Amino acid sequence: MSQTLISSPLQGFTDYKFRNAFNHFFGGIDTFYSPYIRLNGKLVIKNSYKKDILLENNTELEVIPQIITNDVEEFLFVAKYVRELGYKELNWNLGCPYPMVTKRGMGSGLIADPEKINSILHKIHNESDILVSMKMRMGYETPEEILDVLPILDTYPLKNIAIHARIGKQLYKGGTNLEAFQKCLDNSKHKMYYNGDITSVAAFKKLQERFTSIDHWMIGRGLIADPFLPSMIKNDTTEYPKNRFDIFNEFHDRIFTEYDAALSGPTPIKMKMLGFWEYFSKSFSNPQKTYKKIKKASNVKNYEIAVREIFKEAKNG
């Protein structure tokens, strides 16, 4: 059975600049989900969202746009917009765990309301020809919440359901709940994708052995922490390329240059790259020391010096 690897969307990280650079330097990902489009009550799509899913910005990638909403009019509006761009599918985010989203009854905060999910899906399938797929957690408070939703989802022609095997209030803390994920498999007729803690080839293989019916795997934070991971999984190897840190260095330089050009002023680029290094640092022999070095860089010049030192040490290590 061939395995399909999918990039799980991470808000603030996996936009088109990152996706294109990742695809160029590392490969291994078959499909990218774009970070979600959120309308905040107005039927207006922000320019940053528009830019992210423009076909001309994703020429070599297979991308699926994503929406986060609990409002059917917003859903229909975005569905119409992405259809006009040429997309056939829209992914609905019922997975985001962050309180500022869940407190408004969106993301994983919506899973406890099966009736609302049903009414939204009913109208979408009656009034739009968009193909709907789902990205979910197993609930917000408990992993049983999803079990009340799955029978409703079974009544719609969804493309698939991708499940992150945690509940929302965990955020990314604690382990995944594989028993609860198995219950989802046992209680749905839909195609299921697995998401959660694919951080190494060994971790992937364990999951593959446990869930033999799954052939679509979503990698989120693991893909940023170790960009070589998807291609290593695809090539069934634990060996990194000899020039691992040269490639990583070039990738870093490309995204840094592109974000620096797009962001105004030194603070936004510093915050942007600091976010990335929270994950990148895990690829280096001393993650804490690496991250601390980046954090201490007080300006762009010092940041560039710190990055050079980190990569030089890694290449010589």
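In which handedness of crossing does α3 pass α5? The crossing is right-handed, a term used when the near helix is turned clockwise from the far one by less than a right angle. The contact (heavy atoms within 4.5 Å) is made by Val72, Glu73, Phe75 and Leu76 of α3 and Ile120, Lys123, Ile124 and Glu127 of α5.

This is a predicted model, in which local features need pLDDT of at least 70, side-chain atom pairs count only at pLDDT 80 or more, and totals for chains, interfaces and linings use all residues. Residues are numbered from 1 along each chain as its sequence is written, and side-chain values use heavy atoms, with hydrogens and water left out.

Helices are DSSP runs (H or I, at least four residues) numbered from the N terminus. Their packing is described by axes fitted to C-alpha atoms over the stretch in contact, with angles from 0 to 180 degrees between N-to-C directions.

| Helix pair | Angle | Axis separation |
|---|---|---|
| α1 (residues 16–25) and α11 (residues 244–262) | about 160 degrees | 10 Å |
| α3 (residues 72–85) and α5 (residues 114–127) | about 35 degrees | 10 Å |

Helices α1 and α11 are therefore roughly antiparallel to each other, the term for angles over 145 degrees. The crossing of α1 and α11 is also right-handed. Residues in this contact include Phe18 and Phe22 of α1 and Phe251 and Ile255 of α11.

Technical notes. Helices (H or I, at least four residues) and strands (E, at least two) are DSSP runs, numbered from the N terminus. Angles under 35 degrees count as roughly parallel, over 145 as roughly antiparallel, 65 to 115 as roughly perpendicular and the rest as oblique.
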